[in-house]
There are 2 protein chains.
Amino acid sequence: MIVFPMPKHPSDKTGKPGRRVTLADVAREVGASTITVSRALRRPEMVSEGLRQRIAAAVETLGYLPDPAAQALASRRSNVIGVLIPSVTNNVFSDVLAGLYDTVGGTAFNVQLGNTRYRAEVEEELIRIFLSQRPAGLIVAGIDQTPASRAMLAQAECPVVQIMELGEDPVDMLVGFSHRDAAQAATEHLLAQGYRAPAFLGARMDPRSERRHAGFRAALAAASPEGAAPARELTTTEPSSVRLGGVLFDRLRERFPETDAVFCNNDDLALGAQFAAQRAGLKVGPEVGICGFNDLEVMSAAHPTITSVRTFRRETGETAVRKVLARLAGEEAGPDVTDLQWKLIPRSSTDRG
Amino acid sequence: MIVFPMPKHPSDKTGKPGRRVTLADVAREVGASTITVSRALRRPEMVSEGLRQRIAAAVETLGYLPDPAAQALASRRSNVIGVLIPSVTNNVFSDVLAGLYDTVGGTAFNVQLGNTRYRAEVEEELIRIFLSQRPAGLIVAGIDQTPASRAMLAQAECPVVQIMELGEDPVDMLVGFSHRDAAQAATEHLLAQGYRAPAFLGARMDPRSERRHAGFRAALAAASPEGAAPARELTTTEPSSVRLGGVLFDRLRERFPETDAVFCNNDDLALGAQFAAQRAGLKVGPEVGICGFNDLEVMSAAHPTITSVRTFRRETGETAVRKVLARLAGEEAGPDVTDLQWKLIPRSSTDRG
DNA sequence: ATGCTTATTGACAGCGCTGTCATTCGTCAA
DNA sequence: TTGACGAATGACAGCGCTGTCAATAAGCAT
């Protein structure tokens, strides 16, 4: 491998091994200009066959890797796809993330995560910061941005995808499903199974949870036309957990002893409710129905198995990234709104036997 | 707000609203040079009180945000802390991530995630790519990098933290605990509780799982000095899941009917094993002991509650970032190796009553 | 008053790359 | 033969910021 002298950065007093291999190095190696090498890498069809191959070889032997900072500065466009989600730990979002990372992996793009911690003002600040990086794309959870956030997203010079929900007017693109419909269907399932007094259990009531809550209410209202359905509901702002599901279940039975089924805002709560029911000596299914939301893997493995509403979280991440990439490639990115649906999965926990 | 004319980028044919506010804009506003504004932002103590305040005010009114790409290019150092983990979904890592994001949030740094998918060659490639971004720091899971990876990490001009394990010679810094010791203690607990024939259940046997496996064996070997302890073990390379825990448990009982306790490689398997035991009509605790690993939240909420080894995952992420930040700030980053320990949490699932 | 610090500020160049606008050269219809 | 044209390549400037070094002002002991 031939080493060429090179002007050093003022601060580079030493001839450290870490010296960067630049486009210029590759260009010199093949006797072309930097811009041609740049093109060979980004728009190969613009460079003649022979040169292109020699450049590829030189890139390989020299171990050239582009500097994303320089690329971003010169092209006014970074390779970062910003992703704003309210929680990193939440199973729901970690599945979405897995889909995102899988789809973005292998491309020249990078995911940059922003944790909004369920707070609109944090989201607003993060949008501002992300936008200052001239991102390649932006993916944000939910459709309930502040007006300021919406304005920034609308003006953004990159594809924007809102995910996890459905809505009337997406800022740009939208991938999700109707939480309301899904919850309504789940509640209708409980009623159809013969449960007379279903209750709602909710924790961390974010906008999506609220919509599920609304779906629950709608189903109940439809079932008792006189509108006299009592509100058996227990919600809290605490973060959701299995333990909390148990606590809420016990409290619910205390307050509404007639309860014979629970629709839980998410699977953690449902699992906790099931454990609590078992502790109380109740037969889950025959004596108390339990339905979760999201259909985490554990639901199908629990004993008894737990009914839930399957949501396509991984697919949400994949689709969102694909839409961004398609738009960047100038292709049609498909319809602005993609409904990923949901699917009720009835299991033993709502089987009255 | 005063708007100054400014030379446009060649490609900026329109006077779009999105025109960037630069250091130069702020400098003009306060009548100082760009470099002074830059200093006021990065090393406030070098700029006089009055100027500093006027600059701060101008930054505020103009809405100036630094361009990370330009900063990275000029300073030869990006604000990215690279993080390499084998899985995004795995609960274990998502807790670590939560710790990372929490600690890095609010600083000027950004986390960039790389998913190695449990593959050393992918890790190697990602290290190469990350390094080409001149990261502010690098955090990698495990201590089993390939020689090439190790070499790159050793030469990296940034703090490097290996996490999740303990080891003899960290590349730079290390935060973790001894999987072997923890597993050995868990196995000893089973024996101390009076279980005679404990088995090992493992899935996705990565290096950490192997070390736990070794700990299990060591405990058994110590308990039967003649060395005649039969190997009741069932492992698979499949990714771990609750369902798989059940499958393995059933298979285990078929193959080694005398088994009266299982040490599971992780909590998902343990939970699945418990469900399977219950399905088989076994009383968990008295008839079969179950012990997990990691102590996910669900373990303390399950019915019966499940014994596990608590590991400090969130703290791992926090500590790793703090070490990077301390090093970058020029402070002592503490000892090179931080042992975060582990803690056995005995619960009903290993209580023979 | 003199020389010498120390505290502030600025000029300048350049980080590594890409957008834009030439330039060169061979091809081909007229 | 000539002009037009497309393909391939290059020159140049500049993206927004910071490292380095120089300049100036201010403070202070001698």
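Reader: What is the relative orientation of H6(B) and H7(B), roughly parallel or roughly antiparallel?

Author: The model is a predicted one. In chain B, helix H6 (residues 120–131) packs with helix H7 (residues 147–155) at an angle of about 20 degrees, and the axes are 9 Å apart. Angles under 35 degrees count as roughly parallel. H6(B) and H7(B) are therefore roughly parallel.

Reader: Which hand does the crossing of H6(B) and H7(B) have, left or right?

Author: Two packed helices are described by the angle between their axes and the distance between the axes. For H6(B) and H7(B) these are about 20 degrees and 9 Å. The hand of the crossing is left-handed.

Reader: Which residues of H7(B) meet H6(B), and how many residues of each class does the contact have?

Author: From H6(B), the residues involved are B:Glu123, B:Glu124, B:Ile127, B:Arg128 and B:Leu131. Their partners in H7(B) are B:Ala148, B:Ser149, B:Met152 and B:Leu153. By class, the contact has three charged, one polar and five nonpolar residues.

Reader: How many disulfides are there over all chains?

Author: A disulfide is a covalent bond between the sulfur atoms of two cysteines. The cut-off applied here is a pair of cysteine sulfur atoms within 2.5 Å. Over all chains, the count of disulfides is zero.

Reader: Which cysteine sulfur is nearest to that of A:Cys264?

Author: A:Cys264 has 0% relative accessibility and counts as buried. A:Cys264 is in no disulfide, and the nearest cysteine sulfur is 7.8 Å away. That sulfur belongs to A:Cys291.

Reader: Is the peptide bond from A:His303 to A:Pro304 cis or trans?

Author: Most residues other than glycine have a negative phi, and most peptide bonds are trans. A:Pro304 lies in the loop between helix H12 (297–301) and strand E10 (308–311) of chain A. With omega near -5 degrees, the bond from A:His303 to A:Pro304 is cis.

Reader: What is omega for the cis peptide bond that joins B:His303 and B:Pro304?

Author: B:Pro304 is found in the chain B loop between helix H12 (297–301) and strand E10 (308–311). The cis bond joining B:His303 and B:Pro304 has an omega of about -5 degrees.

Reader: Is A:Arg76 buried, partly exposed or exposed?

Author: A:Arg76 is not a glycine, although its phi is positive, at about 60 degrees. Its place is in the loop between helix H4 (68–75) and strand E1 (80–85) of chain A. At 30% relative accessibility, A:Arg76 counts as partly exposed.

Reader: What is the phi of B:Arg117?

Author: B:Arg117 sits in the loop between strand E2 (110–115) and H6 of chain B. Its relative accessible area is 39%, so B:Arg117 is partly exposed. Although B:Arg117 is not a glycine, its phi is positive, at about 50 degrees.

Reader: Leaving aside neighbours within four places in sequence, which residues are in contact with A:Gly272?

Author: A:Gly272 lies in helix H11 (residues 267–279) of chain A. A:Gly272 is buried, with a relative accessible area of 3%. Beyond those neighbours, the residues in contact with A:Gly272 are A:Val242, A:Gly245 and A:Gly246.

Note on methods
Residues are numbered from 1 along each chain as its sequence is written. Chains are lettered from A and ligands numbered from 1 in the order in which they are written. This is a predicted model: local features need pLDDT of at least 70, side-chain atom pairs count only at pLDDT 80 or more; totals for chains, interfaces and linings use all residues. Side-chain values use heavy atoms; hydrogens and water are left out. Buried means under 20% relative accessible area, exposed over 50%, partly exposed in between (1.4 Å probe, protein chains only). Axes are lines fitted to C-alpha atoms, for helices over the stretch in contact, and angles run from 0 to 180 degrees between N-to-C directions. Helices (H or I, at least four residues) and strands (E, at least two) are DSSP runs, numbered from the N terminus. Angles under 35 degrees count as roughly parallel, over 145 as roughly antiparallel, 65 to 115 as roughly perpendicular and the rest as oblique. A crossing is left-handed if the near helix is turned anticlockwise from the far one by less than a right angle, and right-handed if clockwise. Contact means heavy atoms within 4.5 Å. Ala, Val, Leu, Ile, Met, Phe, Trp, Tyr, Cys and Pro count as nonpolar, Asp, Glu, Lys and Arg as charged, and the others, Gly among them, as polar.
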